[in-house]
Each structure stands twice: as structure tokens, then as C-alpha cells.
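Good morning, and thank you for joining this group meeting.

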Amino acid sequence: VSPSSAGSCWQNANRGICGVPRMPEIIMTSSTRHRHSHSERQLEGLLHAVESRGGARTPCLLLPAKADSRLGQHWYPLPVLLCKVFRWPDLRHSAEVKRLCCCESYGKAHPELVCCNPHHLSRLCELESPPPPYSRYPMDFLKPTADCPDSVPSSTETGGTNCLAPGGLSDSQVLQDSGDRSHWCVVAYWEEKMRVGRLYSVQEPSLDIFYDLPQGNGFCLGHLNSDNKSQLVQKVRSKIGYGIQLTKEVDGVWVYNRSSYPIFIKSATLDNPDSRMLLVHKVFPGFSIKAFDYEKAYSLQRPNDHEFMQQPWTGFTVQISFVKGWGQCYTRQFISSCPCWLEVIFNNGVDS
């Protein structure tokens, strides 16, 4: 929802247009145990979330989990209803959305109160089948290279990174020789073939990577000094906006696209383990995708080759491009030709 349409959506919902109950009625009738002042604060929080398009930190809108409300001729759970009104009109079922880790209802199976803040949820990305014409890559690139056994190839298409990490250490030394296993991944930001800034070590379960985010706390790409004068790079950089949220969860690592433009992701664990090719996946704004699966990565890491256990493996790397895709049907054959992109290298220790 654009900022202008967000305001009209709020006004329409507040008036009860098109079969949508008025927002005060939803909150007041669904939470009769709460005082009026509490409901007013909830309304203000919801308005703030809608107007900021999820950019600002807003509180949960906690309402009875068993309460439903009608939209047109259909009844929906309240979280789905508010998501339909303010974010995704074509949303049909609660199974199509995923809670963000910032939400109080995250991880709770059957709570009495459930959060209905539409920006505390993301929409699940369905993997394409058959694949769209973005790109496929041979699985052979996942094997460690014999001529460079001690390096972690950051850019698999260009044969690895030549850019040194802070202190003159190579990427592999930062990841393996420091003895610090507290981080679960490191993030590198690239503009075309040049890495910009330092490696960002991630220790907290969730990380925001953004260019311009209200109340942003995390890896701010806007604070990095870039000498790239390319107009395309500058244009794409300005579109990163709220960026992405990277979250380590029980079942793997999820990426939530908070920006207003698509992102493109390549990961060894997103495709069928039997596939000899990798697909670049397009993730639309507001959608989440499980970009990395530890269990699947370990199973791919150990296929009848003892050397896999002794050497780095590029299957623990995920590449993410902002706005622009790459592949066989693009002028950009490799991600190193993309204007602005990220490389996420996971700690593959047994404690991950």
C-alpha cells in the first residue's frame, strides 16, 4: 500500500465502507474487557503502523483470537481481515501469512489474544514451479575449489572475493580463524564487483539491512561511503529504502522484504536437493522466504566426499540483489553485474 493509498484505506475502514466494519467497532466489540483508553491507544498504534508502512516500531494490536469479522460476504479472522484491508486485498487465508519475530504472538500456538497489527505479519513466498526465466546455475559450484582450499568464495560467479576484511584478514579468516563462534552469519554489501564497507558480523537473532528506515537499528547501507558514480547504482541504492529483515529462526533463516521493490535471492537450499541447477527466486515487497535451511545445507554438504568436512563450502552462502535480477534472460548474467547486492555467509559450525 502506498503512503497515499494507506491514508484512504484507513479512512474507508474507519467509515465502514465496502462491507468493512469500522475500526473502532472491530476493536471495541472484539475486546470488551479492555478499557476505552486502551482501545484508543491501539487505534493510534494501528494508524502509525499503516502510515509508516511498517517502517516504524509499533505495538501489537492484541484482540481476542476467536473473534472473526465480516468483509463483504465472507468472515475472516481479525489478523487476516486487517491484512486484507491495509496490505493485501487478495489474501484468502491465515496460512498465507507469517508472523514476524517482533510480534508478541510470534511462536504462540493457541493464544487467547492475537496480534492484528498488519505490519507484524509478512506474506509467505511460494516457490515458482515451473521456474520463471531468471537464472539457473550448476550445483558444481558448491564444491570447494582445489586451488584455493582455504577460502570461502564470496562471489561464486567471479571466482571469489579479492577484497580484504577489516584488519587485512581475508573473509575466510574472519569466519574461521578468529575463534569467535558467537556470530551466526556475516553480511557483505556489494555494488557491482566492488565490496563497500566492512563485513557486518551478526550476533542478534534478527537484523535489519536498510538504506533509509525510520527508527532503523542494524546494518545501514546509507552510512557506507561508496565511490561508485554509476547512475544505475545510485538509482537502485535510493530504492533500497526499508530494505530487508534477516532472521534466524528454529527452522532456518528467513528473509522479509520490507522495501517497495522486489529482491532476488539465490540459495543452495531453496531448490530440490536432486537438482543440478539453482534458481534465482524473486521475492515481492511484503513477502518472506526461508532463504536458508541448516538441515538441508548439512545434508548437501556431506555427499560421499570426506573433503567436504574439512574445507569451506559455498552452500552456506546466500546472495540477494535489490531491485535488479540476474541470469540467462537478463543482460546481467552474474550477480556481480547487479548494482546493489548482499552476500550472507553463514557460520557453519555445529552449534549453528
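Let us begin with D293, which counts as buried at 16% relative accessibility. Buried here means under 20% relative accessible area, exposed means over 50%, and partly exposed lies in between, with a 1.4 Å probe and protein chains only. The side chain of D293 meets that of K290 in a salt bridge, at 3.2 Å from N to O. By that term I mean a side-chain nitrogen of Lys or Arg within 4 Å of a carboxyl oxygen of Asp or Glu. K290 is partly exposed, with a relative accessible area of 26%.

A word on the source: this is a predicted model, in which local features need pLDDT of at least 70 and side-chain atom pairs count only at pLDDT 80 or more, while totals for chains, interfaces and linings use all residues. Residues are numbered from 1 along each chain as its sequence is written, and side-chain values use heavy atoms, with hydrogens and water left out.

How many salt bridges does a search of the whole structure find? The search finds eight. In general, side chains of opposite charge can pair when their charged atoms come close.

One of these salt bridges joins R237 and E191, whose closest N and O atoms are 3.0 Å apart. This pair links distant parts of the chain, for R237 belongs to helix α6 (residues 231–239) and E191 to strand β8 (residues 185–191), 46 residues apart. Helices (H or I, at least four residues) and strands (E, at least two) are DSSP runs, numbered from the N terminus. R237 counts as buried at 14% relative accessibility, and E191 is buried too, with a relative accessible area of 2%.

I turn next to E96 and R92, whose side chains meet in a salt bridge at 3.0 Å, N to O. E96 is buried, at 14% relative accessibility, whereas R92 is exposed, at 61%. Both residues belong to a network of salt bridges that links D90, R92, E96 and R123.

Finally, the sheet. Seven strands form an open sheet with mixed pairing, in the order β4-β6-β16-β13-β12-β10-β11. Two strands pair if DSSP finds at least two bridges between them. Which strands lie at the edges? They are β4 (97–99) and β11 (218–220), each of which pairs on one side only.
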